[in-house]
Amino acid sequence: MIARQKRISGGIGLDVGSTTAKMVRIEDGEVKSRITGTHNWKELVNGIKADIISTGYFRNSVPHKASVTEITAAIYGVRHYFPEVDVIVDIGGQDTKVIDVRKNNFLINDKCSSGTGAFLEFAANYFSIGLDELGLFHRRAERIPDINNTCGVFAISEMISQLVAGYSKEEVVAGMHYAFARRISFMIPEAETIVLIGGAAKNEGMVMALKDILKKKILIPGEPQAINALGALKYFS
Amino acid sequence: MHVSKIGITALVPPELIFACGGEPVDVNNVIPLSKKYPRNKLCAWTAIWKEMLVERELSVDSLIVVAGGDCHNALVDGQKVAMSGIPTHFFFYPFDGDPEYMESQLHRLSEFLGGLEFPEKIKQINDLKKLGQQIDIKRSRGRITSGEAFSILISFSDLRGDLNEFQKIAASIKEHNIETTNRVALIGVPPIFYDFHDVARSLGLHIVFDELPYEFIRHQGADIREIARDYCEYTFARPLDFRISFLQKELEKRKVDGIIHYTQFACHHMLEDEIIRSRLDYPVLTIQGDLPGNTPQQIKLRLEAFREMLERL
């Protein structure tokens, strides 16, 4: 446990999460990031001599000069882009974290897969499409079927029922995004500025559903998946 | 002389059990280290003691179930134990704190236990509780680790069944010089993880107050009448307003920086979380456990993030 008072300059931020690893360094004031699968994290630091500031599930399993939890890292990373942030929603591979920056409070859902990236992956696999295609499918939907089951596994059964009932794949994907977003919305407190980070922030279908449910503007930084790696770096700088 | 082992499922005045010639056994104490996976469960605490008692893996001659004013699951699981043939008595605390009702409950309990035989034990236990209170204060001042203090204080529910031996153990606790930054209160039912206090300490959190064990050392009395009047202030059995105003004073006295609210899966105390958060003006970390064992990684992440949060304040 390194006290935060210890400043580290010229380091890199390394976020090794449950499904992906992200690396961030700041060059001439510009944030540069790289992303790979968790088990290939070494390729992100090969040949780099700088001190590593780690975060994410594997923060203490990779070599590091200092480490910080992804909750604190998220706050420092998001503030780099949105200093006035009220609430951060971080949708990761295996959990979803909602951080109330104003109240210094956080909630983590890691017990139910239906509000995590794992569920989106599960649904994409079922339709034999890539994760990045879910948003396109959502846009093409003309109707949105109700998918109410909060359990990720049973939601798939419900999606099958909706296909049998005559909804298109696109419409069922849109219904799934609404079910996913509704689940997450229960964790989000009333706030003015909500920032969404994590891999699922790249899924425009899910973002559209969440905006529609919350009736709020949702801000997304340029590379939402690398924010925690950036935050780890900022925390010690 | 055969001394009856009297199982207790929550706080039952141990003074009365010893004074009636019994040896109390808090059936919860074996659970954090238990490897048992109960077949039919809501809360793992009650499900495990129920199964161990029904299957005679935990040896008691009779059982006192605290069925009113604390654990609601125990009311059903206690009946299952009774149906298995273990003599079982159901003990009810008064929700409104009525001392006459409490006194009548203690008289009924005394009858179940065969009547007062050794009233001198009451004074011996009162003296032991003074020692417990000193341990609690020393822990708060950084003279005793929270893990060691918790292990002794939680044992005050049954005094490990042997007053003389327990007195020796409590008196021999080692003193240290511990830095008590990030002072936190642990409220709610005790964590089901056997290493929780040590894990919290290793992550930079110093637990200076354990709500339930504090109840075990603060109630006493010279006879049934006095015991009734003191124990009817057992906060877990009283309305939330009563418990919260008591907590407010204790937290202020101990200068805590934050609160960890431990909740047990499928325990009705989980429902209290939102009230605790809104009424106690401290940063609150709510965690939830289910089955016993060591502290899971997901809980460690929350504890570490909570420490970082306290350091940002």
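Q: How many residues does the contact take from chain A and from chain B?
A: In this predicted model, chain A gives 18 residues to the contact and chain B gives 18 residues.

Q: What area do chain A and chain B bury between them, and what part of it is on carbon and sulfur atoms?
A: About 1,600 Å² is buried between chain A and chain B, with 50% of it on carbon and sulfur atoms.

Q: How many salt bridges between chain A and chain B?
A: The count is one salt bridge. The side chains of Arg59(A) and Glu304(B) form a salt bridge, at 2.8 Å from N to O.

Q: And which elements of chain A each supply at least two residues of the side that touches chain B?
A: Helix 2 (70–81) and strand 8 (105–109) of chain A each do that. The largest share on that side of chain A comes from helix 2, with five residues.

Q: How many residue pairs are in polar contact between chain A and chain B?
A: Seven residue pairs, counting those with both residues at pLDDT 80 or more.

Q: Switching to the surface. Which residues make the nonpolar patch of about 280 Å²?
A: Tyr126(A), Ile160(A) and Val164(A) make that patch.

Q: Where is Ile160(A)?
A: Ile160(A) sits in helix 5 of chain A, which covers residues 152–164.

Q: Why does Ile160(A) count as partly exposed?
A: Because its relative accessibility is 34%, and partly exposed runs between the 20% limit for buried and the 50% limit for exposed.

Q: Now chain B. How many of the residues of helix 9 are buried?
A: Eight of its eight residues are buried, so helix 9 (residues 211–218) of chain B is mostly covered.

Q: Which residues are those?
A: They are Glu211(B), Leu212(B), Pro213(B), Tyr214(B), Glu215(B), Phe216(B), Ile217(B) and Arg218(B).

Q: What do the buried residues of helix 9 of chain B pack against?
A: Helices 5 (120–140), 6 (146–153), 10 (224–231) and 11 (240–253) of chain B, along with strand 5 (183–188) and strand 6 (206–210) of chain B.

Q: Ile207(B) lies in strand 6 of chain B. Buried or exposed?
A: Ile207(B) is buried, because its relative accessible area is 0%.

Q: Which residues is Ile207(B) in contact with, leaving aside neighbours within four places in sequence?
A: Arg139(B), Ser146(B), Val184(B), Leu186(B), Phe196(B), His197(B) and Ala200(B).

Q: What about Ile207(B) and Phe150(B), how many residues apart in sequence and what distance in space?
A: Ile207(B) and Phe150(B) are 57 residues apart in sequence, and 9.3 Å separates them in space, C-alpha to C-alpha.

Key
Residues are numbered from 1 along each chain as its sequence is written. Chains are lettered from A and ligands numbered from 1 in the order in which they are written. This is a predicted model: local features need pLDDT of at least 70, side-chain atom pairs count only at pLDDT 80 or more; totals for chains, interfaces and linings use all residues. Side-chain values use heavy atoms; hydrogens and water are left out. Buried means under 20% relative accessible area, exposed over 50%, partly exposed in between (1.4 Å probe, protein chains only). Helices (H or I, at least four residues) and strands (E, at least two) are DSSP runs, numbered from the N terminus. Contact means heavy atoms within 4.5 Å. Patches are made of residues with over 30% relative accessible area and no salt bridge: like charges are joined within 9 Å, nonpolar side chains (Val, Leu, Ile, Met, Phe, Trp, Tyr) within 5 Å. Accessible areas come from the Shrake-Rupley method with a 1.4 Å probe; for residues, only the protein chains shown count as cover. A salt bridge is a side-chain nitrogen of Lys or Arg within 4 Å of a carboxyl oxygen of Asp or Glu. Buried area is the accessible area (1.4 Å probe) that two parts lose on being put together, summed over both. A polar contact is a pair of N or O atoms within 3.5 Å; within protein, one must be able to donate a hydrogen and the other to accept it, and residues adjacent in sequence count only if both atoms are side-chain atoms.
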